[in-house]
Amino acid sequence: MLDFNHRPSFTERVSELIDQALCAEHKAQPERDYLGASRLGENCSRKLQYEYTNTPKDEGFSGQTLRIFAAGHVFEDLAIRWLRLAGFELFTQKPNGYQFGFSVADGRIRGHVDGIINGAPEALGLTFPMLWECKSLNAKSWKDTVKRGVAKSKPVYAAQMATYQAYMEGSVPGISKNPALFTAINKDTAELHFELVPFDASLAQKVSDRAVTILKAADSGELLPRHTADPEHFECRFCAYRNRCWEVPA
């Protein structure tokens with residue numbers, strides 16, 4: 001029930017102003033015209049098709065969600081600093097200031113990597129070059145990743161790394177021969193998890209084939225199948241396209 005007597009607190013008023021500004025800033029950014037490689041491990045091909053074709057979401061990102069995204073970038077910057085202090089030769093930009101990345105299928109599939117490591121303390125016994133991928137997670141998600149490993153706990157991230165290793169080989173020879181270094185930061189405790197992830201060629205091929213399927217479907221106007229037949233599946237319930245996909249009244 002609405003409380004018509006509620007008067008926003010000072011915190012709520014300032015937060016609303018910030019969120020309005022963040023949403024306006026996000027809305028002004030140009031839409032992607034490519035399929036992002038970081039998303040190709042997503043379970044639902046139809047969702048990826050919606051993303052690629054810039055189909056309107058049921059609702060846009062909230063200010064809080066945009067703040068969470070921004071905080072993730074801050075944690076990544078911290079991890080970069082910490083690794084460099086520890087003796088890692090970590091590169092996050094080319095000499096021209098752009099991120100390392102790749103573009104295939106006439107620019108319709110692209111990816112931008114967090115970094116490339118080309119040196120580390122000798123005692124670690126690492127080989128280079130190696131892909132670096134960093135994620136910040138809440139405590140529950142972080143603990144699950146530590147317990148089960150990134151491939152089982154976060155298959156989307158595993159697919160992302162495999163795809164990057166495959167497509168970056170042309171510009172960074174050897175990056176697919178060496179394991180990627182996956183870094184996870186616990187946002188609640190600042191605990192760190194490091195995992196060496198060998199290149200999974202079969203996963204990279206599977207993801208690449210899937211990307212081609214999505215592009216072809218978008219070109220032909222074919223709507224790809226959902227990944228589940230249950231509209232109450234937990235992934236559907238939290239999907240930004242749920243109403244559109246299942247024709248649920250807004």
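**A pocket and a sheet: group meeting talk**

Hi everyone, let's start with the residues that line the second largest pocket: Leu 40, Gly 41, Glu 42, Asn 43, Ala 151, Pro 155, Ala 158, Ala 159, Leu 203, Lys 206, Val 207 and Arg 210. Please keep in mind that this is a predicted model.

How much space lies in that pocket? About 220 Å³. If you sort the lining of the second largest pocket by class, you get 7 nonpolar, 3 charged and 2 polar residues.

Now, which helices supply the lining? Two of them give at least two residues each: helix H6, residues 155-168, and helix H7, residues 201-220. H7 has the largest share of the lining, with 4 residues.

On to the sheet. It is open, with 5 strands in the order S2-S5-S6-S7-S8, and the pairing is mixed. Strand S2 (90-91) and strand S8 (192-197) sit at the edges with a single partner strand each, so one side of each has no neighbour in the sheet.

Let's look at the S2 end. S2 and strand S5, residues 115-117, run antiparallel and are joined by 2 bridges. If you want to find one of these on your screen, go to Leu 90, whose bridge partner in S5 is Ile 117.

Helices pack here too. Helix H3, residues 63-85, packs on the sheet and touches S2, strand S6 (130-137), strand S7 (180-186) and S8. The direction of H3 makes about 130° with that of S6.

Key. Residues numbered from 1 in each chain as written. Predicted model: local features only at pLDDT ≥ 70, side-chain atom pairs only at ≥ 80, totals over all residues. Heavy atoms only, no water. 1 Å grid on protein atoms, 1.4 Å probe; cavity = no way out; pocket = protein on both sides within 12 Å on 5 of 7 lines; lining within 4 Å. Points joined across faces, edges and corners; volume = space filled by probe spheres on them. Nonpolar A, V, L, I, M, F, W, Y, C, P; charged D, E, K, R; others polar. Pairing = 2+ DSSP bridges. Contact = heavy atoms within 4.5 Å. Axes fitted to C-alpha atoms, helices over the stretch in contact; angles between N-to-C directions.
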